[in-house]
There are 4 protein chains.
Amino acid sequence: MTLSRPIAQAASALRDRFRDVRATSLALAAPLSAEDQCIQSMPDASPTKWHLAHTTWFFETVLLQPHAEGYQPFDPRFHYLFNSYYEALGPRHPRPHRGLLTRPSVDEVHAYRRHVDEAVLALLEGGVGEQDWAAIEPIVTLGLNHEQQHQELLLTDILHALSCNPLLPAYKPASGPALRLAAVPSPMRWLPQHGGIAEVGHTGSDFAFDNETPRHKALLQPYAIADRLVNCGDYAQFIADGGYQRAELWLSDGWAAVQANGWRHPAYWLASDDPRLGLGSQQQQQQQGSTGWHVFGLHGVRPMEADAPVSQLSFYEAAAYAEWAGARLPTEFEWEAAFDAPGITQMTGHVWQWTRSSYDPYPGFRPMPGIAAEYNGKFMVGQLVLRGGSVATPVGHSRPSYRNFFPPAARWQFTGLRLAKDL
Amino acid sequence: MTLSRPIAQAASALRDRFRDVRATSLALAAPLSAEDQCIQSMPDASPTKWHLAHTTWFFETVLLQPHAEGYQPFDPRFHYLFNSYYEALGPRHPRPHRGLLTRPSVDEVHAYRRHVDEAVLALLEGGVGEQDWAAIEPIVTLGLNHEQQHQELLLTDILHALSCNPLLPAYKPASGPALRLAAVPSPMRWLPQHGGIAEVGHTGSDFAFDNETPRHKALLQPYAIADRLVNCGDYAQFIADGGYQRAELWLSDGWAAVQANGWRHPAYWLASDDPRLGLGSQQQQQQQGSTGWHVFGLHGVRPMEADAPVSQLSFYEAAAYAEWAGARLPTEFEWEAAFDAPGITQMTGHVWQWTRSSYDPYPGFRPMPGIAAEYNGKFMVGQLVLRGGSVATPVGHSRPSYRNFFPPAARWQFTGLRLAKDL
Amino acid sequence: MTLSRPIAQAASALRDRFRDVRATSLALAAPLSAEDQCIQSMPDASPTKWHLAHTTWFFETVLLQPHAEGYQPFDPRFHYLFNSYYEALGPRHPRPHRGLLTRPSVDEVHAYRRHVDEAVLALLEGGVGEQDWAAIEPIVTLGLNHEQQHQELLLTDILHALSCNPLLPAYKPASGPALRLAAVPSPMRWLPQHGGIAEVGHTGSDFAFDNETPRHKALLQPYAIADRLVNCGDYAQFIADGGYQRAELWLSDGWAAVQANGWRHPAYWLASDDPRLGLGSQQQQQQQGSTGWHVFGLHGVRPMEADAPVSQLSFYEAAAYAEWAGARLPTEFEWEAAFDAPGITQMTGHVWQWTRSSYDPYPGFRPMPGIAAEYNGKFMVGQLVLRGGSVATPVGHSRPSYRNFFPPAARWQFTGLRLAKDL
Amino acid sequence: MTLSRPIAQAASALRDRFRDVRATSLALAAPLSAEDQCIQSMPDASPTKWHLAHTTWFFETVLLQPHAEGYQPFDPRFHYLFNSYYEALGPRHPRPHRGLLTRPSVDEVHAYRRHVDEAVLALLEGGVGEQDWAAIEPIVTLGLNHEQQHQELLLTDILHALSCNPLLPAYKPASGPALRLAAVPSPMRWLPQHGGIAEVGHTGSDFAFDNETPRHKALLQPYAIADRLVNCGDYAQFIADGGYQRAELWLSDGWAAVQANGWRHPAYWLASDDPRLGLGSQQQQQQQGSTGWHVFGLHGVRPMEADAPVSQLSFYEAAAYAEWAGARLPTEFEWEAAFDAPGITQMTGHVWQWTRSSYDPYPGFRPMPGIAAEYNGKFMVGQLVLRGGSVATPVGHSRPSYRNFFPPAARWQFTGLRLAKDL
């Protein structure tokens, strides 16, 4: 069966995109040793190697096994090992034990990836008729978006793992000196929005996840939204003003988390008397002579930059900051409606932005069909919506209608906030 | 200072209402022994005696100490013992240890109530000028609504405590035989609603909690809502159809709860082979000769009544049932908009009804001033809204705009569900 | 069947003793309200009411059901409720939930006791032939010793429960002022013992538990033993010298317990800045004007008495104190061999004394036959032997060969220490 | 300073031994990938890499820093990372987080070993005078014995880690087919021992740990001891006879462990329906056609060999087996006294043998001086003594007076049992 011309072109483009996305995953893992790629620092995080294998398993299970005739699985045991949470696909290796899988090795996982890559590319090359294309294309596209989500998780998870090492090693040394930022951060400005009926949710034929649909109308009160993100300088003032000691600023569960876990600052901030500063980065510290905050990130421990958006923040911290600032978090629809507001900046590419919206289904929401039904819908309780996209989000992966979501206590993602208020 | 006429009348009515509500609390505790009133069966529940004391503490702390000149506290140590969660009022006895307070005794708590009652009535009687009245009346009203909430909790909490006793004793024996209900429950009917812009939230000068305000417009899609609650007969079919074994019906957290806790049926249902049936109610069982479900409730263990609304259900179970039924839960605004829909029944007085709405703040929400700021707002994350009112809700306490809320795993309240669907 | 003369006399004496022991249990519970008698403050402790019922259950199950013809159980459900840990007798109410049994009430438990008492007395009165007597007498004697053990536990458990109440109420107010003790405690003296072969363990026909047998020879090195117990004044010096901050004094598990639980002093000591001193005993404190330690006990909170033996100590604390004092704990055989040593005091009636002996079986140990096999033997791992007897031990219950045992972290019993050292 | 002749010879021998022991550790790690060497499968186990580094740290800290003039630590941060439990040496990386140390890498740890090896060898070569020798030799010898202990732990810990991988990979494939053992195990024979006074504990000038001293007399009753270990065939009969379902065979804590953890057979046994048999060893299984037990070990999953000693057993299981067999475990002194008994076999080199002796100090016990004081003494509570030595114990490391010890629930060591009984 030969491909019709437009399908052939589309297939060729998809092959290119497939190669590109798959190569990016490997490139992200490249700075890491085999040991780094194996460990799991908490049940919510996964090893790098597991991300590399699971995204491959997704293509094998959802695309190749049902659609590629005669496909031979690389290793039938991987079906059990690398299923994440798909109940419909049977029992799986328990999530908290992913770090115990020293075998298969990183090398075997690479071989697994090559095996699956070849089969996917062959499928996209060869026998794709119109009907097949209609079935296959959405799955490949979903698989690539899925892999992009895991690219971000790969980074956040390894960053968490490295943060558990008292030496605080860098994922990747900074290639140059830290950007010299203006000493005085630009003041935040309020951008008034008139509210009214807004169209929200995804529309059009481009890919989007089911949780962004259906597009529908929402009614907004007049509000103002900040033109920029809350930055580290802002947040340091909140801390200095006793933010972590004042119960009245916190939601009840947030205050309980502060007390139970001894939170005193964002997860990756180091106070000037942190013993790890002496342990891991003596030279650095001496160079800086700094007595203030340090922040751990992908480039290791660096002196805090006041203008950089505050990150790795839980919803609880974001909400407490907003309360302290006499403001609030925007709802997800306020955020979406203001996406193109004149003067607004930092809407994507810096940090995911906590909203004051619980992760509930849209009116008329229907999960994707088949196995993918478990992709988003079953998590719609107890979580909060984040909007935007972060430095770790693959370019082109996010969009204004994108709904990211995490539980309110999560503080290992690139998550920060922007203020809003009633008018 | 003498009272102006209308205030005097209002004060007199408030005194009557105060006496009435306060007496009701005691009446609810009356069937219980001192031992019953002391125990705490889980951290989320409180002893009967604690409810009696805490509601009294509320009047003492929020009303009498700031507003009743020369008021002498009954016992200054009670300030520490009976504060529930008001951070602004200082440290307090830890919630999970309320059951360890054998002292003060029930008798002392009764004396505490009398002491405070007299002071409140004296305050309302005597020196209430116009200005005072404006300050005092809202606090007394809040305190009475607060006490009514605790009246329901008193019942749900003691029911939970009794459910932990393998003898399954009754809170109060049924005065007569169980109602002979029709063998075949009436079929549920769908009531179509056109949607559009609805006004939701509280309006008017009557009392309402801050979380019901401000009244605002919400945009609804067309939908249908069930004319009655899901009943035990309906729910038994869900169980018989493998409802508790089918992961695909459940939210992810719900399925985890099913597996972690071994849920197989609602919390207070007893399967026919439950050993406690043999232990606690031999005679009863023999009389019935039943091999089916039994249900534990305020009147002890009774054979399941198919027509009775299913109760003591978690949100997870409610959502799984709705999924199984090919429907969904209504949002809180769909529920509110349908309150007076022709043909609708059982909207209040049976069970609180889980909605598909997370407990988020209304647009423009402002907490009550002062200490009462902690009353509702700080709990607005991680919980779900329930609407309606239950058999345990004091008459006149609920209203269509009332927002009750509990975490999704809570299953010791009088909580059930009503179905909805898109049109 | 008539009783032979000596049996009749023995039976009469046993009836007297039975009445006496049973009455003592009720007398110990008498100062407590129904609420006090119901609660359980930790899984290791039991409610007063449960002690009263369980000791009764023991007579019913081990004596009456097998040996009293036609005996009708008071309530067959109690078999499940009041079994403690006898696996051979089937499933039982879970230990940590004993505090949830508000029913049966204290009154019902009293009725249960009367029912069983009458049946036991009737059995001892009436049809006891020689053969029956041989079967019955050891069970009654065991049951009485069992009840005496629970009399001590009743006191230690209610004391723990009251210690969890921030008001720190007294089990029983002191009848007079605290004993005026000498300001300077008498210095401790070492009593040298020559060691060699010692006979240890129980001998003779009087009652003893199986774990004290068989009597056998043990080989002791020369040692010295202290003439008196370590007292509160001694122990306060240990604290003042940083005893709870110096890891080198502690066994590894003990140090872990210190850190995990924040131990800074014995369980029932209150530092001068303890907020409960202000809460519960203002007057008392003012009277005393004391700024030092207070100790909570059966008479409530009292200023520490330097000469009183330190009590409610864990093995870990006892061992750390001994290390600090340049000494060690005696082994259980050193203790037993020194029981009658000239000059030795406080060997019984003050506190149980931790020994440096793990609770292992004696050579040739055989458990009691039948159900009583589970009485002692199955606990012979992970615990330490205590010797002596305490203020809470019923008079006549202990003896030099008596082996009490608790896990090393237990600190709610009347437990203290005496020093020993090598010669 | 030159060495006197005998010291020079001794130093040369010690250098050889040092090289030998250090090389053995690396050889044990050689079959493992960098990933294998990094993970930690439970808090009680440590990563291979950590063992390699910690044993090196021991030489660096206890030998080189105090005794090698001008020694430069390889990396001062390792002092924090690789201290195990020496409180006197300051804070250390928390034990449960050893698996999070992906850095330093295996290669860096190897470099660390070389650095320290060179310094130790230089110290032993060069300036060792008589006085220095007297100080240094015991430390080096202790360090080597310490490293040998960790060699065994390295094997038991990696075996546990591999057992957590559902693929059940082999530490090292068997070089040949499994030994063909006699189909019928030889019957066990009882060897009577007369008891009396026995000398126990270490004597002489060879190295021994402090916990084996002082040598002293112990008094033994007549007893019999089994001529061989309990083997897998024996143990399979215990299982088949309901051993894991019969509470009466178990100590109370053991029975609780059986129920809490669902124990049904030894930790590394696989029942014929174990899903991992299908997952990990299809070929193997088909070859065997076996429907019986399989056992996981250093060579991966193999069919159970009836004659092989049962291993990876907890004390609780060993004691329950002995009870079932109508026998008991020997005390540690019975075991030691029977070490050379005629006819006795398998006393060392197979499995460590649980004794019925708690790990208490010997009369007159004194810990080693200095830092080594924390080596053994502080663990003398809550553990049981094991005697003998296992297949994983380095040759020459054990001796008849050797006291190994583990908590009663530990079941990841090469631990089994031998029976004894009273005569």
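## Chain A at a glance

Of the 423 residues in chain A, buried ones make up 48%. Please keep in mind as you read that this is a predicted model. The secondary structure of chain A comprises 12 helices and 12 strands.

How does the radius of gyration of chain A agree with that of a compact globule? A compact globule with 423 residues would have a value near 22 Å, and chain A has 23 Å, so the two agree. The contacts within chain A can be sorted by sequence separation: taking those between residues at least 6 apart, 79% join residues at least 24 apart.

## Two packed helices in chain D

Let us turn to a helix pair. In chain D, helix H3 (residues 48-67) packs with helix H5 (residues 106-125) at an angle of about 30°, and their axes are 9 Å apart. Angles under 35 degrees count as roughly parallel, and H3(D) and H5(D) are therefore roughly parallel to each other. The crossing of H3(D) and H5(D) is left-handed.

On the H3(D) side, the contact is made by D:Lys49, D:Leu52, D:Ala53, D:Thr56, D:Phe59, D:Glu60, D:Leu63, D:Leu64 and D:His67. Facing them from H5(D) are D:Val106, D:Val109, D:Tyr112, D:Arg113, D:Val116, D:Ala119, D:Val120 and D:Leu123. Sorted by class, the residues of this H3(D)–H5(D) contact are 12 nonpolar, 2 polar and 3 charged.

## Where chain D meets chain C

Next comes a contact between chains. Chain D gives 27 residues to its contact with chain C, and chain C gives 26 residues. On the chain D side, the elements that give two or more residues are strand S3 (216-220), helix H8 (252-261) and strand S8 (352-358). Which of these elements gives the largest share of the side of chain D that touches chain C? That is S3(D), with 4 residues.

The side of chain D that touches chain C has 12 nonpolar residues, along with 7 polar and 8 charged ones.

## Where chain C meets chain B

Chain C also touches chain B, through a contact that takes 26 residues from chain C and 25 residues from chain B. Two helices of chain C, H3 (78-81) and H8 (275-280), each supply at least two residues of the side that touches chain B. By class, this side of chain C has 13 nonpolar, 9 polar and 4 charged residues.

Key. Residues are numbered from 1 along each chain as its sequence is written. Chains are lettered from A and ligands numbered from 1 in the order in which they are written. This is a predicted model: local features need pLDDT of at least 70, side-chain atom pairs count only at pLDDT 80 or more; totals for chains, interfaces and linings use all residues. Axes are lines fitted to C-alpha atoms, for helices over the stretch in contact, and angles run from 0 to 180 degrees between N-to-C directions. Angles under 35 degrees count as roughly parallel, over 145 as roughly antiparallel, 65 to 115 as roughly perpendicular and the rest as oblique. A crossing is left-handed if the near helix is turned anticlockwise from the far one by less than a right angle, and right-handed if clockwise. Two residues are in contact if their C-beta atoms, placed from the backbone, lie within 7 Å. Ala, Val, Leu, Ile, Met, Phe, Trp, Tyr, Cys and Pro count as nonpolar, Asp, Glu, Lys and Arg as charged, and the others, Gly among them, as polar. The radius of gyration is taken over C-alpha atoms; the globule rule is 2.2 Å times the number of residues to the power 0.38. A residue is buried if 20 or more other C-beta atoms lie within 10 Å of its own, exposed if 12 or fewer, and partly exposed in between; C-beta atoms are placed from the backbone.
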